[in-house]
Amino acid sequence: HRYDSPSAKVNAKKELFGQGKTVRDPNTGAELLSKKQEAKLKYGAKDWTAHLAETDHKVPVQRVHQKYKNDPWISDADIREVTNDPDNLQVISRQQNNAKRAKTNEEFYDNVEYLEDKGIKLSAKAREKAIKVGEKAQQDIDRKMLGRKISNIGKEFHNAGLQGAYNAGAMTTAFSATNNIVAVIKGEVTPEEALKNVAKDTLTSASAGYVLTGSTAVIARSLSNSSSPFIRSLVKSNVPGQVVSAVMATGGTIMKYCKGEINTRECIVELGQTGVSICATGYAMAVGQAIIPIPFVGAAVGAMVGAAMSGGLWRDLQ
């Protein structure tokens, strides 16, 4: 009931009978009528079910749901829409539809004894054709589900990536602006060079934030239905996101250490300073943005204050 669409089945039937032609069962060739009263009147109490038209799912709703229910990239709406797509609907007799239930075309039409028990007479050729129709419908559903899956992954990546780009860009703008203002005051760079540096740093960080955050969101959601409770707990705790944040924050220091540009002591000191700076500046950015509700400006002011605080705090800790 959750995934079935009565309206889609009614529309499929109306469209077929609206063509003004005699409607026949695709498997038996028997004439089909749209109303029960008409079928009973014309074919009698014994044979009317073989001539009353009903809409059947070529691939049963239950089977589609079972196959895709645990896919983190397929939603309930996707299952409902694809299952009730006109390509998966076919008008057959009530006699066949009632007997088929949640069976696939192959399970139903390949079981000769069951068909005979239900009084359904089909030629070998008709049964083979019906089975191929079911196989084609399954292929269509798999293809459409793959398209939905790719689309959903793309949307998740983009939406998460935009947020990541915004956050990374805002933080980098604040840090870079602070550093370049100090450099201008010291006479190390001109104001024009400082602006270029901030713009370059922000663009680079925002781009990296977009890709890394988008990728992390996709990986986390893909692992959300993992059979491992440990993996699921990591995802719920946002561990993948924390790992990415840590790498972005400390990657430069680690790279310098690996290249031999700084020694072990300098690496440890710099990592410690980064951690203190991120904690202090992160809170200060939030406060600054709340006080000055202008995108990036409030965060930048807050970051400058936070950076100054963290610098003093780190010197005291040393």
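Where in the structure is the place of Tyr210? Tyr210 sits in helix 9, which covers residues 191-223, and the helix belongs to a predicted model in which the protein has 13 helices and two strands. The mean pLDDT of the protein is 81, with 74% of the residues reaching 70 or more, and 36% of the 318 residues count as buried. Of the contacts with a separation of 6 or more, 65% are accounted for by residues 24 or more positions apart.

**Confidence of the model**

- Over residues 275-292 the pLDDT stays under 50, and for this stretch the model has 35 contacts beyond four places in sequence.
- Over residues 294-318 the pLDDT likewise stays under 50, and here the model has 43 contacts beyond four places in sequence.

- Tyr210, in helix 9, counts as partly exposed at 24% relative accessibility, and beyond its neighbours within four places in sequence it is in contact with Phe157, His158, Gly161, Leu162, Gly164 and Ala165.
- The C-alpha atoms of Tyr210 and Gln163 are 7.5 Å apart in space, although the two residues are 47 residues apart in sequence.
- Phe157, one of the contacts of Tyr210, lies in helix 8 and is partly exposed, with a relative accessible area of 23%.
- Leaving aside neighbours within four places in sequence, Phe157 is in contact with Tyr210, Val211, Gly214, Ser215 and Val218; for Phe157 and Val218, which are 61 residues apart along the chain, the C-alpha atoms are separated by 6.1 Å.

**Nonpolar cores**

- The largest nonpolar core has eleven residues, namely Tyr3, Val59, Val61, Val64, Tyr68, Ile74, Ile79, Val82, Ala137, Ile141 and Met145.
- At least two residues of this core come from each of helix 3 (61-68), helix 4 (76-83) and helix 8 (124-186).
- A second, separate core consists of ten residues, among them Phe108, Ile120, Ala130 and Ile131.
- Ile141, a member of the largest core, is in contact with Val59, Val64, Tyr68, Val82 and Asn88 when its neighbours within four places in sequence are left aside.

- Strand 1 (residues 53-57) and strand 2 run antiparallel and are joined by five bridges.
- Within this pairing, Thr55 has Val91 of strand 2 as its bridge partner, while Ala53 stands opposite Ser93 in strand 2.
- Strand 1 is mostly covered, since five of its five residues are buried; Ala53, Thr55 and His57 point one way from the strand, whereas Glu54 and Asp56 point the other way, and all are buried.
- Why is strand 2 (residues 89-93) largely enclosed by the rest of the structure? Five of the five residues of strand 2 are buried, so the strand is largely enclosed.

**The second largest pocket**

- About 600 Å³ of space lies in the second largest pocket, whose lining is made up of 22 residues.
- Asp4, Lys9, Thr55, His57 and Asn97 are the lining residues that lie nearest the centre of this pocket, and of these Thr55 and His57 also belong to the set that points one way from strand 1.
- Helix 1 (6-17), strand 1, helix 3 and helix 5 (94-100) each supply at least two residues of the lining.

**Two loop residues**

- Asn84 is found in the loop between helix 4 and strand 2 and counts as buried at 8% relative accessibility.
- Not counting residues up to four places away in sequence, Asn84 touches Tyr3, Asp4, Ser5, Ala8, His57 and Leu89; the C-alpha atoms of Asn84 and His57, which are 27 residues apart along the chain, are separated by 7.5 Å.
- Among the residues that Asn84 touches, Tyr3 is a member of the largest nonpolar core, and Asp4 and His57 are among the residues nearest the centre of the second largest pocket.
- Arg101 has its place in the loop between helix 5 and helix 6 (105-109), where it has a positive phi of about 55° although it is not a glycine.
- Is Arg101 buried or exposed? With a relative accessible area of 62%, Arg101 is exposed.

Notes: Residues numbered from 1 in each chain as written. Predicted model: local features only at pLDDT ≥ 70, side-chain atom pairs only at ≥ 80, totals over all residues. Heavy atoms only, no water. pLDDT = per-residue confidence, 0-100. Contact = heavy atoms within 4.5 Å. Core = buried A, V, L, I, M, F, W, Y, C linked by side-chain atoms within 4.5 Å. Buried < 20%, exposed > 50% of the residue type's maximum accessible area, 1.4 Å probe, protein only. Helix = DSSP H or I, 4+ residues; strand = E, 2+ residues; numbered from the N terminus. Pairing = 2+ DSSP bridges. 1 Å grid on protein atoms, 1.4 Å probe; cavity = no way out; pocket = protein on both sides within 12 Å on 5 of 7 lines; lining within 4 Å. Points joined across faces, edges and corners; volume = space filled by probe spheres on them.
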